[in-house]
Amino acid sequence: MGPKQSIALWAALLVLACAEGDTTSLLQKPVRRQPLHVGKKEVHLLETAQILVSKVNEGDDPSGCGAVSDAARTAVEEALPAIFQQYTHLSNEIQIVAQAVETCSAQGGDLAQQGIDLEALRSSHQTCRLAEHDLEGGIEVCQQYAELRNSLQNRCFSFPNDEGGFPDAVQQSRDELDVAFNQAVLLRDQCNSARQALTLEHAECVLAQHMFEEDFCVYRANCAGVQACRANTEDAYHQTEAEVQVALERLHSEYQVLKHVECLLGHADDALEQTTIIDGETVAACSEPASIDELTIEFPE
């Protein structure tokens, strides 16, 4: 028997159970205000249970009241599992959209490590450029070498036609050329070394810059992709969360009403079996909201 047939059955039985009594006064009894977002089925079930309690207390048609109780209990027993099925569905919805957000970060790889590696490349490039700048100062020796060459040019030496002084003049010229030669060799070697060191350092810096720029572009593209992905999935998550919150609130209200009905039916059955009445304190105790711990969803940050 489906939920609709069950509802039709307990509604028909309620009519039969109340046919000989004054149902007007019972229907006019104040009914506890129900939580928001409760369906008509739950409201009707609760009204039926409350009327049933009144009929039991008045001693009207025990067999008819028992039939109504059975039909109402059947409806409750069919409705409660459906509540938990809906709860599972809502929980799965939240998990799916939350996981979609987390999956975005994985699409860009380990961005944190990429950022660390990128800073290492940035630092390496900066260190290289500083070393290159220092080596540029060593190129000054090439300027000194050029100045030496320009200062000597094509030197002409005049030697005295003096038999005694001629060797000394030649030696003096020779000494001057030896000094120039030694300076030239030293400055030439230093210039070549400085140029070679600068060329090598420059090549390393170009490579370091290329590696940094390449990794920076990849990192930036990954970040942009993750940001776009997270923006879309977070929007979808927040929309789903809002919808689930509303659905969950309704589910909690329906569950608490059904547990309220279940409580009243239990006491009605006991009273019918023992031919007693249900006191007001017992009825009031059924109004205490049932725990919804089993129907709670932990929403992720």
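How are α3 and α7 oriented relative to each other, roughly parallel or roughly antiparallel? The model is predicted, so local features are reported where pLDDT is at least 70 and side-chain atom pairs where pLDDT is 80 or more, while totals for chains, interfaces and linings use all residues. Residues are numbered from 1 along each chain as its sequence is written, and side-chain values use heavy atoms, with hydrogens and water left out.

Helices here are DSSP runs (H or I, at least four residues), numbered from the N terminus. Helix α3, residues 40-58, packs against α7 at an angle of about 20 degrees, with the axes 9 Å apart; the axes are lines fitted to C-alpha atoms over the stretch in contact, and the angles run from 0 to 180 degrees between N-to-C directions. Since angles under 35 degrees count as roughly parallel and those over 145 as roughly antiparallel, α3 and α7 are therefore roughly parallel to each other. Their crossing is left-handed, a term used if the near helix is turned anticlockwise from the far one by less than a right angle. The contact (heavy atoms within 4.5 Å) involves residues of α3 including Leu-45, Ala-49 and Val-53, which meet residues of α7 among them Val-257, Val-261 and Leu-264. By class, this contact of α3 with α7 has 14 nonpolar, two polar and two charged residues, where Ala, Val, Leu, Ile, Met, Phe, Trp, Tyr, Cys and Pro count as nonpolar, Asp, Glu, Lys and Arg as charged, and the others, Gly among them, as polar.

Helix α7 itself covers residues 166-274. At 1.5 Å a residue, its 109 residues should span 162 Å, and the end C-alpha atoms are 152 Å apart, which agrees; the expected span is 1.5 Å times one less than the number of residues. Just after α7, Thr-275 takes a positive phi of about 55 degrees.

A further partner is α4, whose axis comes within 8 Å of that of α7 and crosses it at roughly 165 degrees, so that α4 and α7 are roughly antiparallel to each other. This crossing, too, is left-handed, and the residues of the contact divide into 28 nonpolar, eight polar and nine charged. Ring centres must lie within 6.5 Å to pair, and planes over 60 degrees apart count as edge-to-face; Phe-84 and Tyr-255 are edge-to-face, at 5.8 Å centre to centre and 85 degrees between the planes.

Helix α6, residues 140-152, also has its axis within 8 Å of that of α7, crossing at roughly 150 degrees, and that makes α6 roughly antiparallel to α7. The crossing of α6 and α7 is left-handed, and their contact has ten nonpolar, three polar and two charged residues.

How values were computed: Helices (H or I, at least four residues) and strands (E, at least two) are DSSP runs, numbered from the N terminus. Angles under 35 degrees count as roughly parallel, over 145 as roughly antiparallel, 65 to 115 as roughly perpendicular and the rest as oblique. Rings of Phe, Tyr and Trp (its six-membered ring) pair if their centres lie within 6.5 Å; planes under 30 degrees apart count as stacked, over 60 as edge-to-face and the rest as tilted.
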